[in-house]
Amino acid sequence: MVALLEPAVVDKATTLETLLETPAGKRMMTCIQCGTCAGTCPYGEHMEFAPRLVINMLRGGFIDEVIKSDSLLRCVACYACLAKCPRGIRLTDVLLPLVKEQVLVTRTEIPAEFQKSLENMHRYGNPMGESPRKRAAWTATAGTKIPILAEVKRTVDVLWFVECYPSFYARGQDNCRAVAKLFQALGVDFAILGNEEKCAGECGQVTWESGLFESLAEDNMKLFKKYQFRRIVTADAHAYNAFHFRYPMFGLTQPAEHTTQFFARHLDQLKPRLTRPVNRTVTYHDPCCLGRATGSYDEGRALLQAIPGVKLVEMVHNRVNSICCGGGGGGMWLDTYYKQKGMERLSERRVREAVATGADVLAVSCPYEISRFEDALKTVPHDKPMVVRDVVELLAESLA
Amino acid sequence: MANATQSPLPNSTWKPRIVAFFCNWCTYTAADLAGVSRMKHFSNVRIIRLMCSGRVDPQFVLEALAKGADAVLIGGCHPNDCHYVEGNYKCLRRYQMLKRMIADMGIEPERLRLEWISAAEGEKLKRVVNEMVETITKLGPLGLPQKFEQWDREMEEFANHVAARDAAAGGGCAEHGTNTQPLETAHA
Amino acid sequence: MKPIVPKKNEPVRIGFYICHCGTNIASVVDVEAVAKYAATLPNVAVSRTYKYMCSDPGQELIQQDIQESRLNRIVVAACSPLLHEHTFRKATEAGGLNPFYFQMVNIREHDSWVHTDRTEATRKAMALARAAIQRVPHHKPLEVKKVGINPNVLIVGGGIGGIHAALTLANAGKMVYLVEKEATIGGHMAKFDKTFPTLDCAMCVLSPKMAAIGSHPNIHLWTYSEVAKVDGYVGNFKVTVRRKPRYILEDLCTGCQECVNACVYKDAKFADEFNLGLGKRKPIFLPFPQAIPPVTMIDPEVCLNFKRGKNPDGSHTVSDKCKKTCVEACGDRKAIDFKQTQEIKEITVGTIIVATGFQIFDARRIPYYGYGVYPNVYNALEVERLINASGPTEGEVILRNGQVPKKVAIVHCVGSRDENTNRWCSRVCCLYSLKLAHLIKEHTHAEVYNFYIDMRTPGKGMEEFYNRIAEEGMHLIRGRVADVYPDPNDGATGRLVVQAEDTLTNKILKIPVDMVVLATGLEPHPEAESLRRMFNLSCSSEGWFLERHPKLAPVNTFTDGIFLAGCCQGPKDIPDTVAQAGAAAAEAFALIDKGHVEQEPNTAYILDDCCGCKSCIPLCPYTAISFAEDTKKAIINETLCKGCGTCVASCPSGSIVQNLFEDVEIYSEIDGVLAEGLF
Ligand SMILES: Cc1cc2nc3c(=O)[nH]c(=O)nc-3n(C[C@H](O)[C@H](O)[C@H](O)COP(=O)(O)OP(=O)(O)OC[C@H]3O[C@@H](n4cnc5c(N)ncnc54)[C@H](O)[C@@H]3O)c2cc1C
Ligand code: SF4
Ligand code: SF4
Ligand code: SF4
Ligand code: SF4
Ligand code: FES
């Protein structure tokens with residue numbers, strides 16, 4: 001339903017002052033103040049300045065008041081406002097980040113957890129502050145040799161961009177092992193960057209710090225230029241989003257794919273090998289960065305339906321109307337802050353819908369969601385057990 | 001007019017000259033709509049109205065180029081929409097033939113463009129005009145009148161050269177003469 | 001005034017006029033400079049500028065100059081020839097010249113309105129003027145051809161627009177063919193209970209008009225029929241109409257419906273189209289009680305006397321498996337005919353009125369409103385039927401589970417004003433939403449919440465209507481609904497939550513309601529595209545039929561003799577539809593009354609130089625060219641030629657000439673527009 005977003009609507013140099021002069025900014029002049037954006041925003045009721053009002057304040061010359069407020073700390077970059085806006089206004093990825101950047105610059109107190117992860121990204125190239133030298137450590141547990149680009153010294157077909165959560169978190173590594181298993185089953189010619197890889201920086205961009213994003217993007221681009229590969233595949237919906245929309249501005253020419261898209265494209269080859277039944281009722285959560293941002297709703301579902309035994313059921317809010325897990329736009333590190341402000345955790349809101357479907361498995365396709373939903377399941381009451389699995393993990397499980 | 005073939009005015013930067021043949025029912029009306037909607041576009045395209053794109057005689061296109069146009073744009077109704085049923089198909093066929101012909105003359109294919117623009121597509125008209133002006137600006141002047149002059153001169157020189165050489169070789173035609181090899185070029 | 005016929009060798013004397021068009025042209029084009037430039041060109045005897053050339057004094061200026069300065073050619077640089085060529089030809093003629101000694105230069109639509117740089121725009125105007133000045137000496141005196149007009153009229157679409165136009169013309173004594181694709185006329189209006197702004201009963205005003213159509217001696221009503229083909233041109237269209245079989249002989253059926261009662265199906269169990277599936281009907285049924293014609297029909301997809309499924313050609317096969325109690329009940333009237341097949345009718349008409357209306361937006365295209373998912377989400381047309389006393393619930397507003405809603409949300413702008421669906425404002429939804437709010441409240445005493453973006457109530461009596469409804473105590477909330485979902489606290493009842501920002505209080509509302517009404521917008525019929533092709537019309541980019549001029553020719557099309565009425569041209573309410581239908585009828589009548597049309601003399605003819613190669617013959621789409629065996633030359637039948645010029649461009653010996661577009665005229669234009677120094 002949502003019009004496909006054009007990647008380059010603003011260039012890197014656009015600021016809040018120059019925004020209204022750009023084509024994306026001119027669109028903002030057409031806002032009819034209908035409030036769909038505020039009405040659909042998962043935290044809209046907690047915002048003194050929801051997107052609708054932000055636009056009007058900007059147009060009226062009162063944007064400073066918005067910057068002084070902490071309203072936009074509550075935006076989780078879920079793309080809901082953008083997807084439903086009847087004027088096709090680029091809120092989530094153009095207007096709001098520019099405002100947020102100013103909020104960060106002018107605000108004196110920044111929630112500590114959030115501040116820390118930004119610093120970590122600066123210093124270590126990952127938000128958890130792990131040692132970059134341990135980034136590829138998980139490969140030891142992969143059960144197969146994971147080639148590293150610096151070592152293979154030739155053109156590979158797929159550069160697998162692993163990203164931070166899958167690299168360092170135990171549950172993320174499950175995802176990695178599953179991807180590796182599937183790559184091997186398909187005979188994919190792939191390699192990873194290993195310890196050289198740095199966070200793709202999507203949160204830096206869509207959240208606050210365009211400077212941070214730029215430095216991470218430039219570091220990664222140096223690597224991309226150094227090696228030869230035909231496409232990037234990543235299991236992280238956020239990294240995919242960054243490669244799809246932003247990296248081309250920094251010179252990325254190879255196409256990027258999310259793992260669900262990659263495997264859906266190879267479904268014909270994969271399907272005969274999916275023989276082990278997974279007799280479960282599964283409900284699928286659309287990650288914002290994949291669904292609303294790029295219109296990729298069908299791939300995850302197609303993969304699930306290819307698994308023998310899987311019964312797919314939908315939550316009340318699905319596809320374009322999906323509810324965010326609350327982890328985007330920096331929300332990942334703002335949970336404590338949201339709690340202080342008396343705001344409901346979105347992951348809990350989402351998990352309640354999942355539980356209501358009666359499913360056994362909540363399938364996801366973004367590494368943030370695993371930990372968020374598993375946490376939420378600890379607090380949301382449910383009679384029947386429910387587990388959280390990445391679509392790719394379920395695929396690997398079904399592989400004979 | 002003789003002066004139509006002269007080089008651009010002194011001090012003026014070169015601008016492409018494009019002649020457009022638009023059918024009355026769709027594309028000419030689209031240009032009117034672009035006007036009513038105040039869709040600004042480049043002023044280098046000069047429109048000549050015909051009843052149907054089927055009226056576009058290939059000779060019109062060649063004449064325009066010969067008279068100093070840098071490019072020609074033909075506009076008609078979308079397939080199945082021609083006011084006269086199928087004039088646009090006839091036009092399409094002539095256009096394809098013209099394409100080959102101008103390619104043979106060493107003229108870039110971008111200099112001839114055929115577009116189906118309906119009466120409702122003011123926006124498309126604007127886009128096509130702007131694109132075309134940009135493309136032709138990049139290509140630079142065609143200068144066919146000047147080229148014609150130059151070709152005439154070359155042909156004359158060549159003829160003189162052949163005549164002189166034939167005279168030296170004792171004359172005669174390639175098919176009968178002794179010195180066939182270099183003469184082949186003259187017959188080609 | 002004495003007609004001036006320039007003699008063969010008389011020197012060409014051109015009068016050149018450039019119009020300021022107020023400031024429309026003059027603010028961008030330096031008209032004085034153009035006039036000065038034109039004065040320097042060969043053959044130009046007079047060169048003037050004038051504020052409004054199309055005004056009476058402007059036209060008189062031309063006439064006076066022709067007489068006083070012995071002009072014999074006229075060039076006017078002004079707006080588009082599609083707008084005023086006719087005006088200036090008339091002025092030329094009034095001055096005593098043949099009207100075709102005139103040429104127009106378009107420097108408004110093609111110049112001042114689309115360019116901003118004064119120098120460039122002025123140069124362009126000069127070049128275009130030069131082209132015309134070089135062209136016009138080659139003009140020849142021509143005569144306008146007159147062709148007779150068939151007085152019969154075809155009207156396509158039997159909604160209120162088509163009905164009104166048909167009655168207007170039939171009452172004036174014209175023969176009308178009214179073709180409607182459904183089994184009854186009435187269109188959307190027949191589905192409404194009341195209409196805004198007066199809240200008068202829709203059928204009370206519509207059914208007498210429908211009945212008049214059914215019984216009018218001058219109207220051939222063909223329902224359940226479609227136009228299959230249109231040939232010819234203004235004054236003389238040949239139209240093929242396909243009448244689909246309804247398996248009832250219209251002339252014999254009295255509308256008693258005894259067959260319906262007698263049908264072996266005791267209960268009505270098939271979704272009834274007229275009630276949008278909210279009610280049920282039998283295999284044999286009357287579309288709705290006041291249907292015109294009041295004739296039943298059989299649905300072969302479900303009637304037991306037919307085999308299931310269609311044949312490849314779309315027809316159905318009789319199985320003869322049913323007891324046919326319907327036939328028994330029909331008795332001597334013998335109106336039921338299972339063997340009926342489609343019927344092809346060919347008619348000739350002089351003018352056509354297209355009044356095919358609209359369809360409502362399919363709300364499934366906005367998934368977050370839950371239409372088609374939650375049973376308590378309705379579209380507005382369904383609610384019109386629920387409210388209607390002759391509807392499926394006999395006027396009771398009840399939900400699918402039989403309950404009366406206590407809280408109702410009406411969502412405005414569904415599928416309108418939205419880049420993701422339809423961009424336009426559908427114009428009637430705010431008003432019909434207010435109407436529905438009133439009617440729902442009246443029928444159920446429910447609390448009604450109208451969620452709107454902007455309340456649009458233009459038109460006579462409409463703001464007063466808004467005022468009246470607001471006074472009744474509706475909740476009018478300024479905010480577009482962002483989400484509709486089952487109430488998490490109350491799953492079993494089917495209650496829904498409507499979520500939106502109240503933009504005037506800056507609050508997010510989550511209102512639990514029993515019923516959601518989607519004010520779906522108006523959009524063009526998908527078949528409009530094939531109609532457009534058939535009638536050679538144009539469509540706006542949205543798909544509405546395009547009028548010839550938005551202000552000055554709102555019911556005309558670019559095809560002479562074809563007119564538009566009602567919502568097929570764009571969203572509008574009933575008063576505007578009827579006004580437009582009247583205008584379309586008047587336009588058709590004016591043509592018929594005049595008795596003939598004047599045809600542009602742009603036909604082609606073949607010179608004696610014709611070498612007899614016959615290449616032109618197959619090219620003519622109107623088979624106007626034939627080969628004269630005696631002279632061994634091709635000849636063009638002038639009455640058949642439409643003046644496309646295709647043959648002219650193809651003649652290898654250059655022996656075909658198209659009047660008004662002669663080769664020499666076009667070559668001089670090419671030379672003119674390429675004038676040096678004017679780019
Ligand atoms: C929910 C709703 C409520 C409304 N309430 C009001 C109101 O209260 N007051 C008011 O003034 N306006 C109201 N309107 C607007 C009103 O419906 C229109 O103004 C009016 O119906 C337009 O009439 P029409 O004849 O142009 O089109 P239609 O009513 O759409 O009639 C067109 C007819 O053409 C037929 N047709 C279509 N295609 C073909 C074809 N190819 N061949 C043959 N026949 C064809 C159709 O079957 C139909 O019978 C309302 C609209 C809606 C959607
Ligand atoms: S949804 Fe779009 S048009 Fe509506 S208020 Fe928000 S930004 Fe403006
Ligand atoms: S992106 Fe999501 S969280 Fe951010 S303002 Fe829009 S709707 Fe709200
Ligand atoms: S043939 Fe039978 S099923 Fe069909 S309409 Fe008659 S009685 Fe009903
Ligand atoms: S001008 Fe067109 S319509 Fe007339 S004879 Fe030639 S081809 Fe036929
Ligand atoms: S009338 Fe437009 S192409 Fe024939």
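Q: Which domains does the domain assignment of chain A give?
A: Chain A is assigned domain 1 (7-106), domain 2 (112-265) and domain 3 (269-398); the bounds come from an automatic or database domain assignment. This is a predicted model, in which local features need pLDDT of at least 70 and side-chain atom pairs count only at pLDDT 80 or more, while totals for chains, interfaces and linings use all residues. Residues are numbered from 1 along each chain as its sequence is written, chains are lettered from A and ligands numbered from 1 in the order in which they are written, and side-chain values use heavy atoms, with hydrogens and water left out.

Q: What makes domain 2 and domain 3 of chain A a pair in contact?
A: Their centres, taken over C-alpha atoms, are 21 Å apart. The contact takes 34 residues from domain 2 of chain A and 34 residues from domain 3 of chain A, where contact means heavy atoms within 4.5 Å. The area buried between the two domains is about 3000 Å², with 69% from carbon and sulfur atoms; buried area is the accessible area (1.4 Å probe) that two parts lose on being put together, summed over both. Y165(A), R171(A) and T260(A) supply 21% of what domain 2 of chain A buries there, more than any other three residues.

Q: Why is the pair E393(A) and R171(A) called a salt bridge?
A: The term asks for a side-chain nitrogen of Lys or Arg within 4 Å of a carboxyl oxygen of Asp or Glu. In this pair the closest N and O atoms are 3.2 Å apart, so the term applies. The rule finds 2 salt bridges across the interface of domain 2 and domain 3 of chain A, and over all chains the count comes to 80.

Q: Which element gives the most to the side of domain 2 of chain A that touches domain 3 of chain A?
A: Across this interface there are 11 residue pairs in polar contact (both at pLDDT 80 or more). Helix α10 (170-186) of chain A is one of the elements giving two or more residues to the domain 2 side, and α10(A) gives the most, with 9 residues. The domain 2 side divides into 18 nonpolar, 10 polar and 6 charged residues. Here Ala, Val, Leu, Ile, Met, Phe, Trp, Tyr, Cys and Pro count as nonpolar, Asp, Glu, Lys and Arg as charged, and the others, Gly among them, as polar.

Q: How do you know that K67(B) joins two chains through its salt bridge?
A: K67(B) forms a salt bridge with D671(C), and the closest N and O atoms are 3.4 Å apart. K67(B) lies in the loop between α2 (58-66) and β3 (71-76) of chain B, whereas D671(C) lies in helix α16 (residues 663-673) of chain C, so the pair joins two chains.

Q: Which chains share the most contacts, and which have no contact?
A: Of the 2 pairs of chains in contact, chains B and C share the most contacts. No contact joins chain A and chain B, whose closest C-alpha atoms lie 16 Å apart.

Q: What makes up the interface of chain C and chain A?
A: In this interface 25 residues of chain C are in contact with 27 residues of chain A. About 2100 Å² is buried, of which carbon and sulfur atoms give 48%. The count is 3 salt bridges, and E419(C) forms a salt bridge with R27(A) at 3.4 Å between the closest N and O atoms.

Q: Which classes are found around ligand 4?
A: The shell around ligand 4 has 8 nonpolar, 2 polar and no charged residues. Among them are C263(C), C303(C), C322(C) and C326(C).

Terms used:
A residue is near a molecule or strand if one of its heavy atoms lies within 4 Å of it. Helices (H or I, at least four residues) and strands (E, at least two) are DSSP runs, numbered from the N terminus. A polar contact is a pair of N or O atoms within 3.5 Å; within protein, one must be able to donate a hydrogen and the other to accept it, and residues adjacent in sequence count only if both atoms are side-chain atoms.
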